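Here are some notes to read alongside the model. Please keep the sequence and the structure open while going through the points.

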Amino acid sequence: MRGRFITFEGGEGAGKSTQISFLAAALERLGISVVQTREPGGSPGAEEVRALLVKGEAGRWDGISETLLLFAARRNHLQTVIRPALERGAWVLCDRFNDSTLAYQGYGRGLDPDWLAGLYQAVSEGLEPDLTLYLDVPVEVGLARAGRRGDDENRFEGLADAFHLKIRSGFQAIVRANPQRCATIDGMGSVDEIRRVILETVTSRLMGPGR
Ligand code: TMP
C-alpha cells in the first residue's frame, strides 16, 4: 500500500522541526516506516539548490528566479526521494512543501498564484499531500525564535516584518481554502501539548476507520 505524505508548514521559528521528529518517532513506534525530509532540499541535488536559496543577500534572486530554483529542487526531491518512499509504503514527513511557495513567493512576493499552481502541477504531476499541518505562531515570536538559532541560513529571515505578516495571513488563507487537507496547529502551546494535538490530528485524519 502507498505510504502517506504529510507536510509541515509555518513561518520562521514555528517549531516545525522539533515536532516532525516527535511525529516520526511516534509513527515508528507503531511499526510505520518513516522518511523525514525537508524543502528546499531533501535530496542531494535539491540540497545544493537550497544553499543558493537560503544563504546570502535577500536581493540576490528576484521572485521569479527564486521560484524556478525552488521548483527545480522540488522536482528532483519528488523524483528521487518522495515518490520512491511513498511507493514502497513509507510515510513521508516533509518540513515545508508547496504551500510555502504559495505563502512566501505568492502572498509574500506577490507572484501570480495561477502561475505558481501551473508550475506545481507540471512539477508534481498532481501529487498532493494527504495532510498538511500548519503551525501558527505570531510573527514576532517566530522571528525571535529563528534569530536565536544563529545559523547562516537567514536570507528569508532578513526580510521586513511586513513580509512575514503577509506570509502568516497567506498560510491562514491556504488552510481556509483547503480544509480537507490542512489543519491549523496552535504553535504557542507547550512542546508537549503541540505534540499531543499533532498525534491526535494524524490519527483522526489518516488512521480512522476505512482509511
Ligand atoms: P526553513 O527555515 O524551514 O529551513 O526554510 C528555509 C527558507 O526557505 C524559509 O525562510 C522559507 C523559504 N521557502 C520559500 O520561500 N519558499 C518555499 O517554497 C520553501 C519550501 C521555502
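1. A residue is called buried when its relative accessible area is under 20%. Leucine 131 has a relative accessible area of 0%, so leucine 131 is buried. The model is a predicted one, and the points below should be read with that in mind.

2. Leucine 131 belongs to strand β4. Setting aside neighbours within four places in sequence, its contacts are Phe5, Ile6, Thr7, Arg181, Val202, Arg205 and Leu206. Tryptophan 115 is 16 residues from leucine 131 along the chain, and the two C-alpha atoms are separated by 23 Å.

3. Isoleucine 6 also has leucine 131 among its contacts.

4. How many residues are in the largest nonpolar core? The core has 21 residues, and those with the most contacts inside it are Ile6, Phe8, Leu23, Leu93, Leu133, Ile198 and Val202. Two or more residues each come from β1, α1 (16–29), β3 (91–95), β4, β5 (182–186) and α8 (191–206). As background, nonpolar side chains in soluble globular proteins tend to be buried together.

5. Arginine 181 sits in the loop between α7 and β5. Is arginine 181 buried or exposed? Its relative accessible area is 12%, so arginine 181 is buried. Its side chain makes a polar contact of 2.7 Å with the side chain of threonine 132. Beyond four places in sequence, arginine 181 is in contact with Asp99, Glu128, Pro129, Asp130, Leu131, Thr132, Ile174 and Arg205.

6. Helix α4 covers residues 98–108, and nine of its 11 residues are buried. These are Asn98, Asp99, Ser100, Thr101, Ala103, Tyr104, Gln105, Gly106 and Gly108. What covers them? The cover includes β1 (5–10), α3 (63–87), α5 (113–124), β4 (131–136) and α7 (161–177). Just after α4, glycine 110 has a positive phi of about 85 degrees.

7. An N or O atom in the side chain of threonine 101 is 2.6 Å from an oxygen atom of the ligand. For arginine 50, the corresponding distance from a side-chain N or O atom to a ligand oxygen is 2.8 Å. For lysine 16, it is 3.2 Å. Taken alone, the ligand exposes 480 Å², and the protein buries 92% of that.

8. The structure has five aromatic pairs. In one of them, tyrosine 134 and phenylalanine 171 have ring centres 5.2 Å apart and planes at 25 degrees, so the pair is stacked. Tyrosine 134 is in strand β4 and phenylalanine 171 is in helix α7, 37 residues apart, and the pair therefore links distant parts of the chain. Tyrosine 134 counts as buried at 3% relative accessibility, and phenylalanine 171 is buried with a relative accessible area of 2%. Ring pairs also link Tyr104, Tyr134, Phe163 and Phe171 into a cluster.

9. Aspartate 136 is in strand β4. At 13% relative accessibility, aspartate 136 counts as buried. Which side chains make polar contacts with its side chain? One is that of tyrosine 134, at 2.6 Å. Another is that of glutamine 172, at 3.3 Å. Leaving out residues up to four places away in sequence, aspartate 136 touches Arg168, Gln172, Thr184, Ile185, Asp186, Gly187 and Met188.

10. Asparagine 76 is in helix α3. At 25% relative accessibility, asparagine 76 counts as partly exposed. Not counting residues up to four places away in sequence, asparagine 76 touches Ser43, Gly45, Ala46 and Val81. Asparagine 76 and valine 123 are 47 residues apart in sequence, and their C-alpha atoms are 9.1 Å apart in space.

Conventions
Residues are numbered from 1 along each chain as its sequence is written. This is a predicted model: local features need pLDDT of at least 70, side-chain atom pairs count only at pLDDT 80 or more; totals for chains, interfaces and linings use all residues. Side-chain values use heavy atoms; hydrogens and water are left out. Buried means under 20% relative accessible area, exposed over 50%, partly exposed in between (1.4 Å probe, protein chains only). Helices (H or I, at least four residues) and strands (E, at least two) are DSSP runs, numbered from the N terminus. Contact means heavy atoms within 4.5 Å. A nonpolar core is a set of buried Ala, Val, Leu, Ile, Met, Phe, Trp, Tyr and Cys residues joined through side-chain atoms within 4.5 Å. A polar contact is a pair of N or O atoms within 3.5 Å; within protein, one must be able to donate a hydrogen and the other to accept it, and residues adjacent in sequence count only if both atoms are side-chain atoms. Accessible areas come from the Shrake-Rupley method with a 1.4 Å probe; for residues, only the protein chains shown count as cover. Rings of Phe, Tyr and Trp (its six-membered ring) pair if their centres lie within 6.5 Å; planes under 30 degrees apart count as stacked, over 60 as edge-to-face and the rest as tilted.
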